[in-house]
Amino acid sequence: MNAPPAAPPSFRAHAAMCLGALGVVFGDIGTSPLYTMRECLARLPAVERAHEVLGVLSLMFWALMFEVSFKYLTFVTRADNRGEGGIFALLALSHRPREGGRRGIGIATLVALGGAALLFGDGVITPAISVLGAAEGFNAFNPGFERWVVPISIAILAALFLIQHRGTKSIGGWFGPVMLVWFATLAGLGLWHIFEAPVVFAALNPLRGLALLAEYPGRAAALLGSVVLTITGAEALYADLGHFGRRYIAQAWAFVVCPGLVLSYFGQGAYAIAHPDDPTNPFFAMAPEGPMRLVLVGLSIAAAIIASQALIAGTFSLARQAIQLGFFPRLKVFHTNPRQPGQIYLPLTNWSLAIGSIWIVFNFGSSTRLAAAYGVAITCTMVVTTFAFFRVTRRRWKWPLWQSLLLCGAFSAFDLTFFTANLHKLPDGGWLPILIAVAVLLIMHAWKTGRDEIQEKVYRGPTADLELADVVASEQLLRVPGSAVFMVASANGTPLALLHHLKANRCLHRTVVLLTIATEEVPSVPAAHQLHLHEVGHGVWRAIGRYGYMQSPDVAALIEQIAAHGVPVDPRATIYYFNREMIITGGAARMWNWQKHLYAFISRNAVPAKDYYHIAPSQIIEIGLPIQL
Amino acid sequence: MPSHQPEPASRRAQLALTIGALGVVFGDIGTSPLYTMQECRDHLPAGVEPLPGVLGALSLMFWALVLVVCIKYLLIITKADNEGEGGIFALLALLQTGRESQTRRGLGLAVIMILAGAALLYGDGIITPAISVLGAAQGLTAINPGFATFVPWSAAAILALLFWFQHKGSRSIGNIFGPVMLVWFITLAALGVWHIMEYPGVIRAINPAYGLALLQHRPAEVAGLLGAVVLTITGTEALYADMGHFGRKYIELAWYGAAFPGLLLNYFGQGAFLLAHPHSAENPFFALAPQGWSRALLTALSFVAAIIASQALISGAYSLTRQAIQLGYFPRLMIKYTNAEHAGQIYLPFVNTLLALGSIFTVGFFGSTARLAAAYGIAVTGTMVITTLAFFLVCRRRWQAALWPALLGCGFFLVIDLAFFFANSHKIAEGGWFPLAIGAAVFAVMHTWKIGRREIYQRVYGNQVTDAELTSIARSKHVTRVSGSGVFMVGSPQGTPLALLHHVKSNRSLHQTIVLLSIATEDVPHVPFKRQLTMTEVGEGIWRAIGHYGYMQSPDVSLLIERIRDGGVPLNPDAATYFFNREMVIAGGDARMWEWQKHLYAFLSRNARPAKDYYRIPPSQIIELGLPIQL
């Protein structure tokens, strides 16, 4: 992804960036008002509700201030890896090449991977809870709609996942303005109701919150477990840093999102104080009954869709970062927008998310029950983020120990409080994101260890340093007529597949082309620059085909070009050699047996069949390279 | 599997086989009393007095057992066996032999129907262990209602243990299954008789008029009741499927000698209990035993019976899958033999894992037999309908039976089957979708695999290359013979392996010495060392070798190659290259399949027989040639 652009010249462009950030970065945190206040109120004793609302508001306000404004926006977002944010950026920043030839994944890396895996787990819940929360607004309009809430939510989610492959370029421009309207509505409704009970401003005093916790120690965990819903979107905010840059995110937060959220929460609080006996959701109750409320429901659904879209896109980019860092098997990645390299579509991730979140809507059925499951994973990720951030401050920024400890200790105090307050959610469904996270973590761990083992054993073996020119110059090598194209991943050294071929078949074609297909970070490479060719000698050429991420390589055409350069290949008669690792378990690799089987399974299924580049199947032969783990 | 058991000489051996059948075949139907009567009581039409209600339900249960189990299955359907094997795939095999019309595209309607029936069996296969073990675990609440929270946990733990131990086979404890089930049925009978004494009038339920009277109520209520009554006979299809293990005669002996009387007496005893205590809300099964240690004992015995029933079902799923693999409807999976004396005792790790996950998930998701009973039955009654239809086809096509008797007989049973099936269709929304969804998934796999294999066969393997053509290729001046030796692993001992043709085409070369090696697994546990290798010379430096192994042996190709060298073939075992063939399926061609089917086929093909045993060949000597095939 591109680094954040340099300061734009005009105010207009500046505002456009902030608006764009509104549509992508703040969807998750911006839809929390749909259900958070209701959940918090439900945790209060009925008789004292009006009185204790102030304490709840105080907790929510300070959670927002500390976690979002202070921890994430002031500090954590400063740690960007070439403009990219998220837990993988922290991992990349704090990474130090391991000395002493130690292999395997260190504990710190494992912890960070666990945090990333938890984000995948939450990625299943966030769209479900946002859309459910918005659809439940129909109840506030007409209670008879109750039984339609789940079908409507499922339909919205299904439609959302079905159109993912088309990208968001046609409607993406609307997201920012819609979210601006959303936050303006939040602020307007909030302001209107604050006048009903201006006493809510007393909640700005943090002591009110602490007093509430002290008064009901038995309910403290449940209360904090609901308060945490206000800040569940903070981690997504950091992960999306790369799209817009810290500056615009901070400004959008300070001028639009934060006021909107705070006013809405305070307005809901004021409403709860003014109408202590109204059991309905204070969010929808803020709008006057009738068509106004229906409009609010419509707007909520739009905001929930935008939030879910942002989260899905965030999960795609998380998965891609994991793939690029080698922690995740190669999946198919489609680019949906020639102008934005960040707009991608991963079918497998998409369908896993779709099945997961639809199943969750179906199984939980209401945002109240879902709120009881939501938060464990995200608070755990926050703890992990603090830990990883600590390592970045020490290793990368060379802060003195006391400074890192002081700051991260303060962060941890909050994070750990929220995390432990959420632990009681585990049996109520909180196990689900944890379970997903464990599965993802197992896959990442098995993949990384397996890859490392194979790199070490096979690709850095004694044959790795052989010079290609020396190999093909060998006198004993029998040359048979015809031409062969070997598809190789790396443009240096002697490909192992070629060596295996020589060893097994004892012969080589007269003309051999080693072809590497490289994908550049531009949408398309002009035809004139696509081919790099040089002769190794003894009838062997090395060729590199360069393509942009929006192009799909046409190897047959490339071979025509190579022939036009005077290489004696016949594009219609040449044989294309692909190679594939063929994992055999039962070797000496330092992995559990089930990990080897998992690795073998992933390895068999990870390589997309699309990689045959439109070559006629009759001209392809694939060589299995046996690798024993 | 042993086909047509030889007649055992002694009465002793006959008795042993009969008791053995008790342990394997009747587990499913024998554990139905755990929950069936309770469900029937809870689903009586509203406003029916206990007396006509209970008598009516009992009468329906009695006649369901007599008509479906005694007459339909034991008297008629089990006559249709394929070399001693029973089950729905036996009907398929009977239909297919003599009708080699494989040139047709698509699968015939009859085949699709039977595949659907078999797929539904898997759907119920996941429920059966869950409902039996849960039913037994609910005995805990009959001891002490406070144990209710432990019921799903203990059921899940028992299932997990059961599936965990599958890889050991049932050899060591299998022998006690039969005697335990005998004790079980005797207990059922004794408890039943005791309570029948309490209320002898319950015998009147034999009169079908009581049952018919209940069927006069509102259709929705009747459907609910029939949906509970069908639980009595859910194990019948399993009985037919397990026929191959013991033979029809011993199954009949065991049924009439122990299972049938035990079940009847018990159901009537439960009925008598309900009539004597019309206001009791307890499970009438566990209530049969007096409160206290004898009830705890009954619970323990129920656990054991439920485990044996689940074991039978799991073994049944293995053998169903193996039949499907053999008939080409399922991708090859790893099959392990757990008992040298019985080729039928197998273990399929993949099927085991899926069943374990499925049935433990079922326990967690449904949580009680009452909720699970709402999901149970729709799939198995669907299979029963299909069995009747398939049996009709077998009568007509295979046995050339006259139209009228066949139509009349099958029509009669079809009416009963359809009545149960439609009575169960209201269960779809309550949980019946679950076995149906599993059935649909299995069906998709079987259908896709069969169609895809046929497409590939037509595209790739259609024209075989004879030995004469092979030697002429080897002689051709366009092919360079390079030094060294190549061993091509081939699937069938005839024709020329595709890998070799592909190799010659792309590399224009062939090794000096070529061995075409196929590994054959025989129907015996062990093949003696001397008879393991057969070898013929094709000419031009090409040999064809077959390694024969028993199903308990694991082939060692390195050793075999040394013996081939000792047999006079010029090769060096340490330098030979072993060629394996692999189909790389690519979607996007013009095969007449849905796009998703092509992708599914490609996935299945990549992963079929995953732990592909490379026969202990050193990895560095293996080369796998992938041949892209576009579907």
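Figure 1. With a relative accessibility of 1%, S59(B) counts as buried (buried is under 20% relative accessible area, exposed over 50% and partly exposed in between, with a 1.4 Å probe and protein chains only). S59(B) belongs to helix 4 (residues 50–76) of chain B; helices (H or I, at least four residues) and strands (E, at least two) are DSSP runs numbered from the N terminus. Apart from neighbours within four places in sequence, S59(B) is in contact with A205(B), N207(B), P208(B), Y210(B) and G211(B), contact being heavy atoms within 4.5 Å. This is a predicted model, in which local features need pLDDT of at least 70, side-chain atom pairs count only at pLDDT 80 or more, and totals for chains, interfaces and linings use all residues. Residues are numbered from 1 along each chain as its sequence is written, chains are lettered from A and ligands numbered from 1 in the order in which they are written, and side-chain values use heavy atoms, with hydrogens and water left out.

**Figure 2. Helix 11 of chain B and what covers it.** Nine of the 11 residues of helix 11 (residues 219–229) of chain B are buried, so this helix is largely enclosed by the rest of the structure. The buried residues are E221(B), V222(B), A223(B), G224(B), L225(B), L226(B), G227(B), A228(B) and V229(B). Their cover includes helix 3 (36–42), helix 4, helix 10 (208–214) and helix 20 (403–425) of chain B.

**Figure 3. Packing of helix 4 against helix 11 in chain A.** The axes of helix 4 (residues 49–75) and helix 11 (residues 220–227) of chain A come within 10 Å and cross at roughly 50°. Axes are lines fitted to C-alpha atoms, for helices over the stretch in contact, and angles run from 0 to 180 degrees between N-to-C directions. The two helices of chain A are therefore oblique to each other (under 35 degrees is roughly parallel, over 145 roughly antiparallel, 65 to 115 roughly perpendicular, and the rest oblique). Helix 4 of chain A passes helix 11 of chain A in a right-handed crossing; a crossing is right-handed if the near helix is turned clockwise from the far one by less than a right angle, and left-handed if anticlockwise. V56(A), L59(A), M60(A) and A63(A) of helix 4 make the contact with L223(A), L224(A) and V227(A) of helix 11. By class, these residues are seven nonpolar, no polar and no charged. Ala, Val, Leu, Ile, Met, Phe, Trp, Tyr, Cys and Pro count as nonpolar, Asp, Glu, Lys and Arg as charged, and the others, Gly among them, as polar.

**Figure 4. Packing of helix 8 against helix 16 in chain B.** Helix 8 (residues 150–164) and helix 16 (residues 293–326) of chain B pack at an angle of about 45°, with their axes 11 Å apart. That makes helix 8 of chain B oblique to helix 16 of chain B. The crossing is right-handed. I158(B), L162(B) and F163(B) of helix 8 meet F303(B), I307(B), S310(B), Q311(B) and I314(B) of helix 16. This contact has six nonpolar, two polar and no charged residues.

**Figure 5. A116(A) in helix 6 of chain A.** A116(A) lies in helix 6 (residues 107–135) of chain A and, at 0% relative accessibility, counts as buried. Not counting residues up to four places away in sequence, A116(A) touches I87(A), F88(A) and L318(A).
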